[in-house]
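Here is a short briefing to read alongside the model. Have the viewer open and follow the residues as they come up.

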Number of protein chains: 2
Amino acid sequence: MPNQPTNPELRTETAAYLAALEERMQVFFQEQRQILEQISEEALPLLEAIEALSAGGKRLRALLAYWGWRGAGGQAGDQGLVDAGLALELFQTAALIHDDMIDASDTRRGAPSVHRRFEAMHQLKGYKTSPAHFGSSSALLAGDLCLSWSEMAFAAIPQLQQASQARAIFDLMRTEVMAGQYLDVLGEVIPQEEADLALSRAQKVIRYKSAKYSCEHPLVLGGALALGLKAQEDSDLLAGYRAFALPLGEGFQLRDDVLGVFGQPEKTGKPAGDDLREGKRTVLTALTSRSVGKEEALFLEQSLGNPDLSGQEILALQELIRSSGALDEVETIIQAKGDQALEQLAALPLDPLPREALTALAYQALNRSA
Amino acid sequence: MPNQPTNPELRTETAAYLAALEERMQVFFQEQRQILEQISEEALPLLEAIEALSAGGKRLRALLAYWGWRGAGGQAGDQGLVDAGLALELFQTAALIHDDMIDASDTRRGAPSVHRRFEAMHQLKGYKTSPAHFGSSSALLAGDLCLSWSEMAFAAIPQLQQASQARAIFDLMRTEVMAGQYLDVLGEVIPQEEADLALSRAQKVIRYKSAKYSCEHPLVLGGALALGLKAQEDSDLLAGYRAFALPLGEGFQLRDDVLGVFGQPEKTGKPAGDDLREGKRTVLTALTSRSVGKEEALFLEQSLGNPDLSGQEILALQELIRSSGALDEVETIIQAKGDQALEQLAALPLDPLPREALTALAYQALNRSA
């Protein structure tokens with residue numbers, strides 16, 4: 001199965017949606033620029049950071065919302081879905097800005113992370129006191145601003161007044177992402193615990209911080225917007241969406257975890273083994289820990305989160321994760337989640353075009369290299 | 001004029017509103033607790049931190065919204081205004097959590113700030129790696145969560161569908177607060193500049209981060225909710241609200257700045273001279289800088305933002321600000337802003353009860369000691 005859809009009709013409609021989304025984003029940022037300018041020209045770096053970061057990205061969440069809408073009978077080219085896509089993408093930008101602060105990441109999408117961007121501005125302009133503190137304060141505010149903008153875009157969706165379920169999905173999504181992110185932070189500081197506890201937490205992090213957020217909620221949100229007041233009656237379709245998108249999202253995040261350890265820097269835009277230096281506790285590391293001897297588990301434990309890991313040490317950790325069987329195990333889970341997702345997708349009562357679109361998105365999510 | 005209203009009717013209605021707000025807040029937090037519990041018990045500290053911080057506070061913004069509603073013809077005891085008050089108070093909690101990170105404040109409302117709270121939890125539970133990083137990551141997420149919750153509460157206001165202006169006010173308010181906060185951060189890092197530039201920035205910070213947010217927008221929001229679709233026709237009333245609440249808010253924040261330097265710790269819940277240690281650039285410090293000799297200006301400049309200032313040095317700075325005439329000057333401005341606000345209030349076409357309520361709130365805002 002190819003990663004990119006070959007059906008010209010599908011390519012055209014997808015391209016039209018993505019173009020409308022980019023245009024809406026430009027207009028939105030232009031409007032916000034005018035508002036900020038009225039406050040002070042000095043506030044514009046906040047916008048510029050948000051705008052630069054939002055320019056990247058695969059728009060997976062926006063596309064899932066769009067095809068969720070189309071699959072539930074929504075018309076092609078609807079502007080409300082462009083607003084929904086904008087809201088999802090701005091939320092993602094906000095989450096990335098704050099995530100990178102939490103993970104102390106230097107880079108994002110091949111460019112400096114936002115706190116690093118402001119840190120560099122501090123140095124360039126010869127500001128006084130701490131560049132790092134200025135960087136983190138500014139990124140904190142840029143993320144907050146972007147969160148508000150996401151909500152502004154969401155509230156502008158015309159269908160929302162008839163679709164209270166869509167609002168509930170968006171709200172739940174945000175709570176879950178932040179709680180899941182907190183569990184992730186917690187996993188990095190809790191000392192020595194049973195491997196099963198760590199594994200269970202890592203699975204929750206995957207589910208809430210990522211799978212539901214990146215796949216399930218956007219798809220169901222689009223569906224709920226299309227169904228509007230009929231969302232209750234047609235709840236079978238939305239339940240079917242969930243049954244497809246949750247395993248898809250889990251597979252998507254497990255793929256992300258694999259890329260965080262084994263990904264090629266030129267494709268991921270992040271240094272090799274970045275997740276290891278950041279000390280991310282994932283299903284991959286939890287499975288490794290459970291499978292190796294005491295000494296190797298200790299080496300893994302002590303290496304995770306060490307920002308000064310050498311290239312040699314990264315290679316040794318990669319080899320440990322591979323030889324422990326954990327990598328194969330995770331690849332097997334990704335395969336199983338993907339199969340499960342596709343099986344559920346096959347059972348959904350969809351028209352050919354949305355079906356093909358969702359199939360293509362599923363393949364992209366599971367087999368990506370960046 | 002007494003700080004507390006003596007009219008029993010006013011006292012009763014105010015107390016009823018505040019009681020309804022507290023009850024709504026309890027129910028809201030209980031609902032969020034159930035959602036978080038479904039994700040993981042481990043995520044509950046986020047809620048507990050938000051709940052504890054939200055319990056304090058004067059509810060100035062909620063009360064302004066309520067009386068703005070009443071003054072524009074809204075019925076007493078309306079539940080929509082309880083939702084609006086909840087949204088404003090949750091936004092304030094979120095802003096305080098992130099503000100305290102930016103200002104590296106240890107205390108808030110007499111208790112540890114949220115990042116310090118999580119730092120203490122890290123130490124108590126014997127977590128590994130950096131307590132400070134765990135504290136700031138957790139507070140970052142608690143603030144984000146609280147921002148989302150604020151928006152959830154806001155979106156639930158039933159009158160909103162008829163009052164698009166109210167949504168626009170809430171959106172603008174958030175952008176202005178974050179931009180104003182960024183200007184505040186910027187003011188602390190920009191080296192040696194003309195006193196007039198610093199003064200102009202400090203005035204913008206007051207206006208956007210505080211005056212419009214704490215007074216103007218809540219009042220006008222309440223009015224816009226009451227007027228609904230008639231907000232365009234009745235725009236005179238809302239313009240009058242602005243003419244009253246903006247100077248009131250400016251006076252309110254100038255009072256805050258004075259308290260930040262001269263306030264009594266047992267009343268403010270913060271150490272004496274806290275703003276000086278934090279390096280806050282205010283109208284008070286800008287005016288001082290402009291009025292004193294070169295040597296004293298340098299002393300002020302070098303002292304601001306030094307976290308290790310001794311009690312003796314705080315006293316010397318207080319004396320410098322006082323003897324420079326800046327304190328008197330700010331007190332004069334507060335007086336003038338207060339007079340201007342009350343003059344505008346007198347010109348508003350209000351029923352006796354809302355008029356008395358807003359008058360009492362204005363006196364509280366301008367003459368508070370905490």
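Are Asp275(B) and Lys280(B) buried or exposed? Both Asp275(B) and Lys280(B) are buried, where buried means under 20% relative accessible area, exposed over 50% and partly exposed in between, with a 1.4 Å probe and protein chains only. A word on the ground rules: this is a predicted model, in which local features need pLDDT of at least 70 and side-chain atom pairs count only at pLDDT 80 or more, while totals for chains, interfaces and linings use all residues. Residues are numbered from 1 along each chain as its sequence is written, chains are lettered from A and ligands numbered from 1 in the order in which they are written, and side-chain values use heavy atoms, with hydrogens and water left out.

**Salt bridges**

- Over all chains the structure holds 50 salt bridges, each being a side-chain nitrogen of Lys or Arg within 4 Å of a carboxyl oxygen of Asp or Glu.
- Salt bridges that share partners join Glu151(A), Arg167(A), Asp171(A), Arg174(A), Glu151(B), Arg167(B), Asp171(B) and Arg174(B) into one network.
- In chain A, the side chains of Glu301(A) and Arg281(A) meet in a salt bridge at 3.3 Å, N to O.
- Glu301(A) lies in helix H13 (residues 294–303) of chain A and Arg281(A) in the loop between helix H11 (274–278) and helix H12 (283–291) of that chain, so the pair ties together parts that are 20 residues apart in sequence. Helices here are DSSP runs of H or I with at least four residues, numbered from the N terminus.
- Glu301(A) is partly exposed, with a relative accessible area of 22%, whereas Arg281(A) is buried at 19%.
- Lys212(B) and Glu216(B) form a salt bridge, with the closest N and O atoms 3.5 Å apart, and both residues are buried.
- Lys212(B) and Glu216(B) both sit in helix H8 of chain B, 4 residues apart, about one turn of the helix. An α-helix has 3.6 residues a turn, so residues three or four places apart point the same way.

**Where chain A meets chain B**

- In contact (heavy atoms within 4.5 Å) are 57 residues of chain A and 57 residues of chain B.
- The two chains bury about 5,000 Å² between them, 68% of it on carbon and sulfur atoms; buried area is the accessible area (1.4 Å probe) that two parts lose on being put together, summed over both.
- Lys128(A) forms a salt bridge with Glu301(B), the closest N and O atoms being 2.3 Å apart.
- Several helices of chain A each supply at least two residues of the side that touches chain B, among them H1 (8–39), H5 (114–125) and H7 (164–189).
- H7(A) gives the most to that side, with 15 residues.

**Aromatic pairs**

- The count comes to 22 aromatic pairs over all chains. Rings of Phe, Tyr and Trp (its six-membered ring) pair if their centres lie within 6.5 Å, and planes under 30 degrees apart count as stacked, over 60 as edge-to-face and the rest as tilted.
- Phe118(A) and Tyr182(B) form an edge-to-face pair, 5.8 Å centre to centre with 65° between the planes.
- Phe118(A) lies in helix H5 of chain A and Tyr182(B) in helix H7 (residues 164–189) of chain B, so the pair joins two chains. Both Phe118(A) and Tyr182(B) are buried.
- Ring pairs link Phe118(A), Tyr127(A), Phe134(A) and Tyr182(B) into a cluster.

**Packing within chain B**

- Gly135(B) is found in helix H6 (residues 131–155) of chain B and is buried, with a relative accessible area of 0%.
- Leaving aside neighbours within four places in sequence, Gly135(B) is in contact with His115(B), Phe118(B) and Glu119(B).
- The buried residues of helix H12 (residues 283–291) of chain B include Val283(B), Leu284(B) and Leu287(B).
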